[in-house]
Every structure is written in C-alpha cells, then in structure tokens.
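Here is a structure to get to know, one question at a time.

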Amino acid sequence: MKYRNWRLSINLVVLVFLLAYPCHAGRGETEEEEYQDFRAALIELYNAGKYEEAAGLIEKNYDRFPGKVTNMSFNMALVCKHLEDYERGVGYLRRAHEKGHWFSIYAFEGDFWAPYREVDGFAEVLARNLEMKEAAQKMAKPELEVVLPINHEGGKRYPLFIALHGGGENIENFKPRWTSETMEEEFIVAYVQSSQVSSMDGFTWQNQDMTKQEVREAFERICNEYPVNEDEVIVGGFSSGGYASLVVTFFDVVPVTGFVILCPPMPENITEKEVLEAKAKGIRGTIITTDLDNRVPDQRRMADLFRKTGLQYQFILTPNIGHWYPDDLPEMIDRAIAHIRSG
C-alpha cells in the first residue's frame with residue numbers, strides 16, 4: 001500500500017545529519033562528546049553562511065570520527081552545494097561508500113539536490129547507495145525489547161503497550177523518548193524494531209504487509225513469554241510508527257483497545273468501513289501532532305473520519321516544534337492512556 005507523504009521536507013533532511021543529537025556544553029571526554037563539539041562548530045559556520053570555512057573544518061576532521069563517516073560525507077555534500085563545488089561533494093559521497101557506509105533512503109529527496117543530478121557521478125552514487133541498502137535489507141531482521149513494570153509482581157497479568165519507532169529510528173534512540181509514568185509503572189512495554197531498512201542504523205514501517213507480519217509475530221511472542229492481559233493492549237508510536245499503529249489498529253493485526261500516535265502519516269486505505277468496525281469494538285485513540293508538522297491536513301482529515309463515524313478520539317495540536325517529540329510527551333501519553341481506559 002502507498003505510504004502517503006512519508007518523504008521529509010528538504011529542511012528536515014538536512015537536519016537529520018546536522019542536528020541529529022543535542023549539543024554538549026564544554027569539551028567532552030568521549031569521542032561522542034568531542035563529535036558534538038565539532039558538530040556545534042560546524043552548525044555555527046553553516047548557519048552563518050561561512051561555507052568555505054565549514055568545508056575546511058570537515059576536511060580537517062574527516063578521519064577523526066570513524067563512526068560518523070556518513071554524517072561527515074553528507075554534510076560536506078551539503079556545504080559543497082552552497083559552494084557550487086559539486087564534484088567535490090560527489091567525491092565525498094563516494095568516499096563514504098568506499099568505507100562501507102551508505103546514506104538514508106530519504107537523504108537525497110527534494111529540490112535541494114537538483115544541481116547534483118546534473119553532475120557526472122551523482123547517478124552512480126545513487127545507484128551504489130541503493131545497492132548497499134538492498135544488501136543491508138537482505139540481512140535485516142525485526143527486533144524486540146520488552147520492559148516489565150517497575151515493581152512487577154509474579155503471578156499478576158499486566159496490560160501491554162506496543163511501542164513503534166519513527167522512520168529512520170531504532171529501539172535505542174526511540175525508547176528514551178517514548179515512555180511515561182503510567183507505562184513504566186503499569187504496563188509491559190514492548191519496543192518493536194522493524195526490519196524495513198531506511199539507513200545504516202534506522203528502520204521504517206512503510207510496507208504494510210511486512211509491518212502486519214512483524215507486529216503480529218512480536219505480539220504472539222510477547223504473549224507466550226510474558227504475563228500479558230490481552231484485554232488491554234495499546235499500540236502507539238512516532239511518525240512512521242504512528243502510521244504502523246494505525247495499520248495494526250484498523251486491520252485487526254492484534255486485538256488493541258486503543259492507539260496513541262504522534263505526527264503520523266495517514267494510511268490511505270483506512271476507510272469508513274474499518275473505522276466503524278473499530279468503533280464497534282470500543283477502540284479509542286489519540287492523535288498528537290504539532291502545528292508545524294507538514295502532515296497536519298491529512299491528520300485532520302483522519303480525525304474528521306473518526307468524528308463522522310463516532311469513534312472516540314482526541315486530536316491534540318501542540319505548537320512550534322515541527323515533526324518531532326514535544327517536551328511534555330510523557331504527560332500527553334498518560335492522558336491518552338486515561339482516555340482509552342475511560343471507555
């Protein structure tokens with residue numbers, strides 16, 4: 001099925017690499033902290049339009065961070081675009097491939113990259129990137145991490161929260177962001193990682209058939225190995241994980257009682273029929289989004305479908321942050337869980 005409007009805007013594509021992590025103050029002692037200091041300096045130059053200085057900074061430090069080859073090469077291509085030095089940019093993209101690194105499936109979307117498409121060698125870079133992505137896909141498998149409630153008791157069954165990461169994320173970077181007091185104290189939480197590769201360490205949920213299979217298999221495994229109360233199962237996630245949560249909810253993948261989703265794309269094949277069937281089962285849900293998310297019109301249309309059919313839902317619009325996690329997301333998740341339980 002088509003995954004509508006899943007591509008990021010070019011501004012967000014740029015930020016994926018330049019702003020992937022929060023800055024650390026002062027000099028760090030670890031390689032990661034040193035990279036954050038370097039990245040902060042690079043951002044300052046980039047935002048100031050000092051592109052030649054930014055290119056020099058990358059060249060000087062390129063081999064300093066072996067784990068950041070993809071970021072360094074991609075950022076150099078960004079800087080070289082502003083310098084109109086496209087051949088050097090292509091050379092750095094090739095350099096990453098030569099070191100065994102490849103770029104996100106979203107990386108070269110958008111008009112930003114139009115000048116590169118006229119440059120000799122860029123088409124070969126795209127083709128090589130696709131080859132490396134497909135090779136990684138053949139090796140990829142879904143993963144699962146289960147967290148039991150704090151102070152859980154033997155012999156007691158607990159509700160289940162299935163948490164699904166966003167596109168380009170994995171369990172490691174999604175888990176700290178998608179949690180709440182109620183989840184930690186009262187739920188078995190299952191963080192499921194897709195096998196659908198989007199980058200060297202990121203995954204997505206855009207293939208509905210694969211998503212259904214992997215979430216169903218994870219659910220069956222969890223219920224076999226943990227004391228799950230199958231009468232209370234909530235599914236939720238960010239962006240692509242929100243899309244997957246809707247697929248899981250409205251196509252009977254697992255017996256959910258509700259959903260909590262943040263900034264999701266809307267599956268085009270969810271119709272009035274599926275929503276009415278969900279309403280009849282008592283399913284309730286919450287859509288959380290932000291006023292700068294580029295999918296708000298589609299999210300509103302989905303909310304209108306819920307309203308029209310009588311499915312109990314909340315639509316929460318938060319300000320300013322764009323396609324990202326609000327600071328008060330844990331509190332919003334708890335309120336969303338309370339809304340589901342109120343039915």
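Two strands pair if DSSP finds at least two bridges between them. The model is predicted.

Q: In which sense do strand E2 and strand E3 pair?
A: E2 covers residues 158-164, and E3 covers residues 188-193. The two are linked over 5 bridges. The sense of the E2 and E3 pairing is parallel.

Q: Which strands stand at the edges of the open sheet?
A: The sheet has 7 strands with mixed pairing, in the order E1-E3-E2-E6-E7-E8-E9. An edge strand here has a single partner strand, so one side of it is left without a neighbour in the sheet. The strands at the edges are E1 (143-147) and E9 (313-318).

Q: By how many degrees are neighbouring strands of this sheet turned against each other on average?
A: The figure ignores direction. The average turn is 15°.

Q: Which helix touches E2, E6, E7, E8 and E9?
A: H10 lies across E2, E6 (228-238) and E7 (258-262), and runs at about 145° to E6. Another helix packs on the sheet with its direction at about 155° to that of E8 (284-290). That helix, residues 329-341, is H13.

Q: How is H9 oriented relative to H10?
A: H9 spans residues 208-225 and H10 spans residues 240-250. Their axes are 10 Å apart, at an angle of about 75°. Angles of 65 to 115 degrees count as roughly perpendicular. Therefore H9 and H10 are roughly perpendicular.

Q: How many residues of the contact of H9 with H10 are nonpolar?
A: H9 brings Gln 208, Thr 211, Lys 212 and Val 215. H10 brings Tyr 243, Ala 244, Val 247 and Val 248. Besides 2 polar and 1 charged, the nonpolar residues number 5.

How values were computed
Residues are numbered from 1 along each chain as its sequence is written. This is a predicted model: local features need pLDDT of at least 70, side-chain atom pairs count only at pLDDT 80 or more; totals for chains, interfaces and linings use all residues. Side-chain values use heavy atoms; hydrogens and water are left out. Axes are lines fitted to C-alpha atoms, for helices over the stretch in contact, and angles run from 0 to 180 degrees between N-to-C directions. Helices (H or I, at least four residues) and strands (E, at least two) are DSSP runs, numbered from the N terminus. Angles under 35 degrees count as roughly parallel, over 145 as roughly antiparallel, 65 to 115 as roughly perpendicular and the rest as oblique. Contact means heavy atoms within 4.5 Å. Ala, Val, Leu, Ile, Met, Phe, Trp, Tyr, Cys and Pro count as nonpolar, Asp, Glu, Lys and Arg as charged, and the others, Gly among them, as polar.
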